[in-house]
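Biologist: Could you take me closely through one part of this model, the barrel and what packs and touches around it? I'd like the geometry and the residues involved, please.

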2 protein chains.
Amino acid sequence: MPVVLHAEERGYFSGFLPGAAAGSHYQFRLDEAAILPDPASRLQPHGVHGVSEIVDPATFPWQVDRWSLPPVDQWVIYELHVGTFTSEGTFTAIIPHLPYLKDLGVTMLELMPIAQFPGRRNWGYDGVFPFAAQDSYGGPDGLRQLVDACHERGLGVILDVVYNHFGPEGNVLPQFGPYFTDRYRTPWGDAINYDGQDSDDVRRFFIESALMWVEECRVDAFRLDAVHQIFDAHAQPFLAELSAAVHRRAAELGRSVVLIAESDLNDPKLILPRVIGGYGLDAQWADDFCHALEVQLVGEKSAYAADYSEFAQLGQALRQAFVYTGEYSPSRRRRFGRSPEPARRDQFVVFTQNHDQVGNRPGGERLGHHLSLAEQKLAAATVLLSPFVPLLFMGEEYDEPHPFLYFTDHGDPDLVEAVRAGRQAEFPAWEWGEAAPDPQDVNTFARSQLDLALPEQGEHRALHTFYRELLTWRRSLPVLTDPTACREVSLWEEERVIMLRAHRDDESLHDVVAVLSFAETEQQLTLPLPTGNWVKLLDANAPHFPGDVESAQPSLASPGKVALTLASYAVLLFTRASAH
Amino acid sequence: MPVVLHAEERGYFSGFLPGAAAGSHYQFRLDEAAILPDPASRLQPHGVHGVSEIVDPATFPWQVDRWSLPPVDQWVIYELHVGTFTSEGTFTAIIPHLPYLKDLGVTMLELMPIAQFPGRRNWGYDGVFPFAAQDSYGGPDGLRQLVDACHERGLGVILDVVYNHFGPEGNVLPQFGPYFTDRYRTPWGDAINYDGQDSDDVRRFFIESALMWVEECRVDAFRLDAVHQIFDAHAQPFLAELSAAVHRRAAELGRSVVLIAESDLNDPKLILPRVIGGYGLDAQWADDFCHALEVQLVGEKSAYAADYSEFAQLGQALRQAFVYTGEYSPSRRRRFGRSPEPARRDQFVVFTQNHDQVGNRPGGERLGHHLSLAEQKLAAATVLLSPFVPLLFMGEEYDEPHPFLYFTDHGDPDLVEAVRAGRQAEFPAWEWGEAAPDPQDVNTFARSQLDLALPEQGEHRALHTFYRELLTWRRSLPVLTDPTACREVSLWEEERVIMLRAHRDDESLHDVVAVLSFAETEQQLTLPLPTGNWVKLLDANAPHFPGDVESAQPSLASPGKVALTLASYAVLLFTRASAH
């Protein structure tokens, strides 16, 4: 029975629908025209084109009422795609694997976007209902079950939210208000109206979305997709308002909630405090780190070879997360970035790969596909022994052989054809040997699913064990993650060796050195080290489990310089065992 | 005789032309196509479509080698349009009038844009050669003569430069390089490419332009046109690079050069230091002040009535230059601006009107056209007794009766018709009673010329005397401009009275109070004042020249409250003559 909504100020309408309750379905009729779902719907039980369903968040039987989110410097993030992490492809299907992730050393699950998207298969960046957890993933209650189960095991949940564009199918917002603008252009069409007429309430829509995920689903953090596509000349930037609103609400709830930006700007403004002109976000991804590392491992084949060919650039990435701090970037054809000072090290998230690098290769192949086991260990060690916040992309820890392809499940045949053609144009068959997989084909999705039995098998097990070991050392040597410890990066350009040192010189001795060799042959190298009794904790060529270490490894009595034989792609970890 | 230019890196070409010398004419042939003038030309002797001429800046016989630019808090700016200030419409024709401006109390001449524009009549915002002083104004040597003459008299020169768009006729830049982008839209078409591929050298082009005006023409300051139309997501914003480059070069030359932004953002980021995330510009226009003042004087007729109808908003403008610091603006339909803190008072330029408010009225009528003499005095006092940097628009000081209309002299008939039609559409005859003046008609330009004989005549003389007197007091009471003095604004809403107080309580007593009544009738008001011997310095109803004052005016022995009879539109200035 239709209810007439009454106009309030500034474009809002309201009304009272007697009898409406959790489970009721509803739609809006605008003027005499289309009947549309609610853009702020909490659930689209029949997908983007169907009715909206009323959800009562108050009835969910939370098991964990309070848990303590660790500080960001303690985080180890695991990025996963709900649809392909398990064969079921649902929130709750992830729960049985939480012990595996906990055992690996992960502390935070980062879910690729889960806001309602068209169909059942999508990376999530085509979402069109920013308040609705994807129905085919299990909807909001499925998400709540997953979050609760994570908290029960001391794991946190990061949600990837897309506040820079909407997907091409099922977006009803343009019919509801001035949510978009043609003053700015994004690669995906009109930008969201964050600074034009009526933008206060456009902002409010997205801020309310974030607050909803915090309050109703208890997520612990956000990854904000591609903030460089949020165009905003307002004196009070949207991102600053978003972070202030989320932090304020979290404080009211007695919690802390963290905001992490994906940014292609190399601009620390995003993460600096508001009093010094920053936006007050907590952290940002550092793609430079990933690119510099990838080029040293795969060389000219890398898509990033033009900008990151120097070995010294990897040293820069390990020192300051950014490689480009104002230098000329050949691929961008302009100077790029600025110094990250005075941001802290625990404000940068680093990785060997994420969904983008993997999924945007024509065959969706993971970095491991191009690397030997030794090289994969080296890549992992570079990330996990860095002073930044590490992120793993699901499956990298055991060299998952399945690709992570680009897949969709659009309902509009024209759009299906356009996406298909776009993909083929981006990766022409003549260039990489076969036709680009069809994004709409259900097999493209199916081929992308993980095989979570593999971590127990053969070389997969060897790599998985090494990741576990690295993460165990990262946890048990606090100087590695302490944001106030001294960190030094030494680099031997010709030998392609990097030495990372973390130390603090207070009451007890904390001094840890990692040696990473990017050379493909064995070599001798003499390292300058403070005198002391250096004990080898880890050797990628002789992996073992922590606990066996101190008895198993001979110590090096160091006279200030230590001569080492470095295997190809060596990873060594030492600590100074006693005072000099 | 054509010379082939050789390609250098990043799109530059160079060559040596034997025999080229000052006065030589030249053009560029790009590929086999068009023959074009030099976009960095110093002189277009036959206009925008003609040849470029080599100019040797080293031969100009400067009379004044060094002069000392006063600090910004001492400035009184006079904005003038070279073409209409005198009947000759040239740089050098201004020189005989410099004693008049000096006598008035002006310290800085601000020239509306003088970069080469199409034809002989233009406000200057259609400029297309950012290195060439307009030929019909007298070219670069004419400008140098004016600057030298100013410096000789202790006056400085501010140049209005347009780095946000190019005019619609004669713009050759798109044929030379990637100077424009369609990623952002301005009201005047494609934006300048300040952050895309090859933008380093686009930025360099404009920075070199500014440095050229500083070095070759010795200008003292810039007014940067509409910086809110400079779109730039670079981690190192163009405006920050521009200000750093200009300040650095000025320091190398042993001079100081000041950058002032016209901004529609109410965002102090522009003028805050770079270390706290600012762009490091020196000052910005505060349009809010002008609008709040105008609405109190002309009421509902004002184009700004929707946003500035409250008397208290004028108080806000007098306290902090901005009225909107995040409040909802009805005309913008969004929250607007942010607090100007921690910017200083001498970082804001205020005015009763500038070329825009005047010229964008359909009849080009000045504010004085709508006001009585008493109201004009009140407006002047509000600006000139404010703690900010005052700007006068040419002629306002004697109520110039001629309009300042929008005029052009385009060569392209289609463009002429489009501009004409645009103007008629903006100001339809049915709305304001007659057809909008034809911008292309030479009479529209001629009608806009000043009559500089008027300041000696009748009511014109009365107003002019009052301006002089206000400026004399502004100079002789340092507490009025001291950026560290205490400033208080008290406001009686119902009575429509504002009291401005400037005082500092150090060794000698500096305590000045201005009373401004916006009421159209006489009224009694008791003002709270520190006890002391208050002497009336100025009374808009009984003007006199400074010097006569102390004997002529009775002093008020104040018991802490002073009862005054305020005439309609009263302006009174008091000082406390001795300790309490």
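Modeller: Chain B has a closed barrel of eight strands, in the order E7-E8-E11-E14-E15-E16-E19-E20, and the pairing is parallel. From one strand to the next, the twist averages 30°. Keep in mind that this is a predicted model, where local features need pLDDT of at least 70 and side-chain atom pairs count only at pLDDT 80 or more, while totals for chains, interfaces and linings use all residues. Residues are numbered from 1 along each chain as its sequence is written, with chains lettered from A and ligands numbered from 1 in the order in which they are written.

On terms: strands (E, at least two residues) and helices (H or I, at least four) are DSSP runs numbered from the N terminus, and two strands pair if DSSP finds at least two bridges between them.

Now for a helix pair in that chain. Two packed helices are described by the angle between their axes and the distance between the axes. For H6(B) and H7(B), residues 238–252, the angle is about 30° and the axes are 10 Å apart; axes here are lines fitted to C-alpha atoms over the stretch in contact, with angles from 0 to 180 degrees between N-to-C directions. The crossing of H6(B) past H7(B) is right-handed, that is, the near helix is turned clockwise from the far one by less than a right angle.

Contact means C-beta atoms, placed from the backbone, within 7 Å. From H6(B), the residues include Phe206(B), Ile207(B) and Leu211(B), and they meet a set in H7(B) that includes Leu242(B), Ala245(B) and Val246(B). By class, this contact has ten nonpolar, no polar and three charged residues. Nonpolar covers Ala, Val, Leu, Ile, Met, Phe, Trp, Tyr, Cys and Pro; charged covers Asp, Glu, Lys and Arg; the others, Gly among them, are polar.

Key
Contact = placed C-beta atoms within 7 Å.
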